[in-house]
Amino acid sequence: MHTDCLILGGGASGLAACASLAQTGMHVTLVERLDRVGRKIMASGNGRCNLSNADMNPSYYAGAVPFVARVYEQTPPGEVLAFFSSLGLMTAQEEGRIYPRTMMAASVLDVLRAACDRANVTLLTGQEAVSLSPSRRGGWAAQLSGGEGVFSPAVLCAMGGSAAPHLGTDGAGTRLLETLGHSVTPLHPALVQLRCDHGALRSLKGVRAQAKLTLEIDGCAAAQETGELLFADYGVSGVCVFQLSGLAAQALARKRRVRLLVHLLPELDENAVPAWLDARISAQPTAGTQALLNGVFPRLLTLAILKQSGIAPDAQASRLSGASRAALAQAICAFPLPVTGTQGFKNAQVTRGGVPLDEVDPATMASRLFDGLYLAGEVLDVDGPCGGYNLHFAFASGLTAAKAMRAQLCP
Ligand SMILES: Cc1cc2nc3c(=O)[nH]c(=O)nc-3n(C[C@H](O)[C@H](O)[C@H](O)COP(=O)(O)OP(=O)(O)OC[C@H]3O[C@@H](n4cnc5c(N)ncnc54)[C@H](O)[C@@H]3O)c2cc1C
């Protein structure tokens, strides 16, 4: 089968590129290994699809800032939103996060699918691209799992990363590109829960707390996040944990010692906690230590804090020695959780790592190694924080690639 443009992967970046190219009248073929396109879009944002953010600053993409800045110059954030608006999608904002107005991911997928549902688009679902090679006649030849071969002068690899393999992305895209001759940096799960080794975790399962987390790597503070922390029997979860997880996963892979220091009273500066404790003890001189912390922390967390400080729950607070008071303040401000791993790609939202950015031109998303080959989305070594940054990059890079493919094919 011959086609003008071939897109491998029917996720966020592939669908955006397909919807855009379909408007040109060229024949576009999109290959998706699952039986339906856009499965990850449907699962995103807890089914609400946080597709973008009002503050789309490239500086949020650590390690990829100049590359993302160039992509967003080429396809500015406003253009991505205008593209969705032109497809009929109305959006709404919640604390800067941009969602479909319906708060249903299906609305995003519906408008993309409708734009791809044209006579000049062939959607091949349930078919996996198993190999890709430069064709002897020029252009590209993709071999599909069903046995069919597709030939095209331009191909977009939009096959995603390794996160959430049940949604179609098990690293097949990066493997295919590696076979072709592109390099791939080490891949790590990111935006994922962290596994920790601490005896208190089993009793804390299900407890939630506002906290400031410091990620410590080999004894040095590497990053900080504040937000709601959720304890689980394996470790910790929550957006603040997710934001630190890529860095933690990279450090663990390099055999570095990783800890989370949890400040459990983030409204107070660490230095202010000892005086706050003293004032609380003076106000309740006969209280036991557990009662002293009543109303501040959930009961199970109070017990864990006391155990961490080596203080009995029924010890009279006013009789605590200076050392015990210091230990208590320390447990409140820097509760230590040694990090042993992540909950893996199965639970991760994104992949850290991918095709290195010096192998791709950010103005066109064209491979610098092969003519007529374009890459977009998570197959690249780009990942952003929670808040719509990953979907937005997928859409923007897909649209950038579509513009360049159009220019290649209709100069
Ligand atoms: C549970 C969850 C929630 C998320 N929520 C958000 C959110 O709210 N906001 C946000 O910004 N980001 C979110 N993300 C991240 C975001 O969804 C991804 O970063 C984004 O979808 C990446 O787009 P992509 O086009 O690169 O890849 P994907 O959307 O992953 O699409 C890749 C597609 O390629 C297909 N494919 C793979 N290999 C082949 C092959 N060999 N042949 C044919 N097809 C193939 C896959 O089946 C898949 O459909 C979430 C991720 C998960 C897992």
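Helices (H or I, at least four residues) and strands (E, at least two) are DSSP runs, numbered from the N terminus. The model shown is predicted: local features need pLDDT of at least 70, side-chain atom pairs count only at pLDDT 80 or more, and totals for chains, interfaces and linings use all residues. Residue numbers start from 1 along each chain as its sequence is written.

**View 1. The shell of residues around the ligand.** There are 39 residues around the ligand, and those that come nearest are Gly9, Gly11, Gly160, Gly168 and Gly377. A residue is near a molecule or strand if its C-beta atom, placed from the backbone, lies within 6 Å of it. At least two residues of the shell come from each of α1 (12-22), β2 (28-32), α2 (39-43), α6 (172-180) and α14 (389-409). With four residues, α14 gives the most to this shell. By class, the shell holds 17 nonpolar, 16 polar and six charged residues. In this classification Ala, Val, Leu, Ile, Met, Phe, Trp, Tyr, Cys and Pro count as nonpolar, Asp, Glu, Lys and Arg as charged, and the others, Gly among them, as polar.

View 2. Alanine 158 is placed in the loop between β10 (154-157) and α6. It is buried because 32 other C-beta atoms lie within 10 Å; the term buried requires 20 or more such atoms within 10 Å of the residue's own, exposed means 12 or fewer, and partly exposed lies in between, with C-beta atoms placed from the backbone. Not counting residues up to four places away in sequence, alanine 158 touches Ile7, Leu8, Gly9, Gly11, Ser13, Gly14, Ala17, Ala376, Gly377, Val379 and Gly398. Two residues are in contact if their C-beta atoms, placed from the backbone, lie within 7 Å. Glycine 344 is 186 residues from alanine 158 along the chain, and the C-alpha atoms of the two are separated by 22 Å.

**View 3. Two loop residues with positive phi.** Alanine 164 lies in the loop between β10 and α6. Although it is not a glycine, alanine 164 has a positive phi of about 55 degrees. With 22 other C-beta atoms within 10 Å, alanine 164 is buried. Leucine 191, in the loop between β11 (188-190) and β12 (194-196), has a positive phi near 50 degrees and is likewise a residue other than glycine. Leucine 191 is buried, with 25 other C-beta atoms within 10 Å.

**View 4. Packing of α3 against α14.** The axes of helix α3 (residues 65-74) and α14 come within 9 Å and cross at roughly 60 degrees. The angle therefore makes α3 oblique to α14. Axes are lines fitted to C-alpha atoms, for helices over the stretch in contact, and angles run from 0 to 180 degrees between N-to-C directions. Angles under 35 degrees count as roughly parallel, over 145 as roughly antiparallel, 65 to 115 as roughly perpendicular and the rest as oblique. The crossing of α3 and α14 is left-handed, a term for a near helix turned anticlockwise from the far one by less than a right angle, with right-handed used if clockwise. Val68, Val71, Tyr72 and Gln74 in α3 meet Phe393, Ala396, Ser397 and Thr400 in α14. This contact of α3 with α14 has five nonpolar, three polar and no charged residues.

**View 5. Packing of α11 against α12.** Helix α11 (residues 299-309) and helix α12 (residues 322-333) have axes that come within 8 Å and cross at roughly 130 degrees. The two helices are therefore oblique to each other. The crossing of α11 and α12 is right-handed.
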